Amino acid sequence: MIVSLLVSAVVANGFDKKWFAPLVLVTLTIIIGTTMPVTLKNEARAEIISHAKTFKTQVLDHIPHDTPNVFVQLTSLEIFKLDITKIAHFILFGILGGLLHFLRGRTLLLLTLLDISIVSSGTELMQLFIDGRSALVGDVLIDLAGASCVILMLFISQHIMGIFANNLKQS
């Protein structure tokens, strides 16, 4: 299923080498994250959070004592209570959506979102066969949200750049 997505994305606009490697890398990352046993997933999550807390401590150690209280409060927020895997879902599928958007162009926006939903649903279903993992509709929605946000940002930025280009041509 995921391989057919890659093939259809590459064939859609011809073989463009500059997008193929990132597309394969993101897809492999999604597959590895999806098929990771729960014990390994939890160890990786704990390691990431540990490094993030160490980084946070190092940043706070360099803040002068006379820094306004608001800044110190913002840097000490407990962002580590967020589920890092949900953030990864959002980011990875956002990148995948962006790459597919570049490969296919603006005209196939709905097809790109459909493919993202199929891949997301497929990766969640794969987890049913992995000990300690489960398929969650919420993860599919997070994946779609990530892809939709990136595609929307790209669409808006391309539209704005088009307006500027037209204004330059008219000048």
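1. Lys-86 is partly exposed, at a relative accessible area of 25%, where buried means under 20% relative accessible area, exposed over 50%, and partly exposed in between, with a 1.4 Å probe and protein chains only. Its partner in a salt bridge is Asp-139, with the closest N and O atoms 2.6 Å apart; the term requires a side-chain nitrogen of Lys or Arg within 4 Å of a carboxyl oxygen of Asp or Glu. The pair joins distant parts of the chain, Lys-86 being in helix H5 (residues 84–104) and Asp-139 in helix H7 (residues 137–170), 53 residues apart. Asp-139 is buried, with a relative accessible area of 4%, and a search of the whole structure finds one salt bridge.

2. On provenance, this is a predicted model in which local features need pLDDT of at least 70 and side-chain atom pairs count only at pLDDT 80 or more, while totals for chains, interfaces and linings use all residues. Residues are numbered from 1 along each chain as its sequence is written, and side-chain values use heavy atoms, with hydrogens and water left out.

3. The chain has seven helices and zero strands, assigned as DSSP runs (helices H or I, at least four residues; strands E, at least two) and numbered from the N terminus. Buried residues make up 29% of the 171 residues in the chain.

4. Helix H5 packs against H6 at an angle of about 145°, with the axes 10 Å apart; these axes are lines fitted to C-alpha atoms, for helices over the stretch in contact, and angles run from 0 to 180 degrees between N-to-C directions. From H5, residues including His-89, Phe-93 and Leu-96 meet residues of H6, among them Asp-115, Ile-116 and Ser-120, contact meaning heavy atoms within 4.5 Å.

5. The buried residues of H6 include Asp-115, Ile-116, Ser-117 and Ser-120.

6. Asp-143 deserves a separate look. Located in helix H7, Asp-143 counts as buried at 0% relative accessibility. Leaving aside neighbours within four places in sequence, Asp-143 is in contact with His-89, Phe-93, Ile-116 and Ser-120. Asp-143 and Phe-93 are 50 residues apart in sequence, yet 5.3 Å apart in space, C-alpha to C-alpha.
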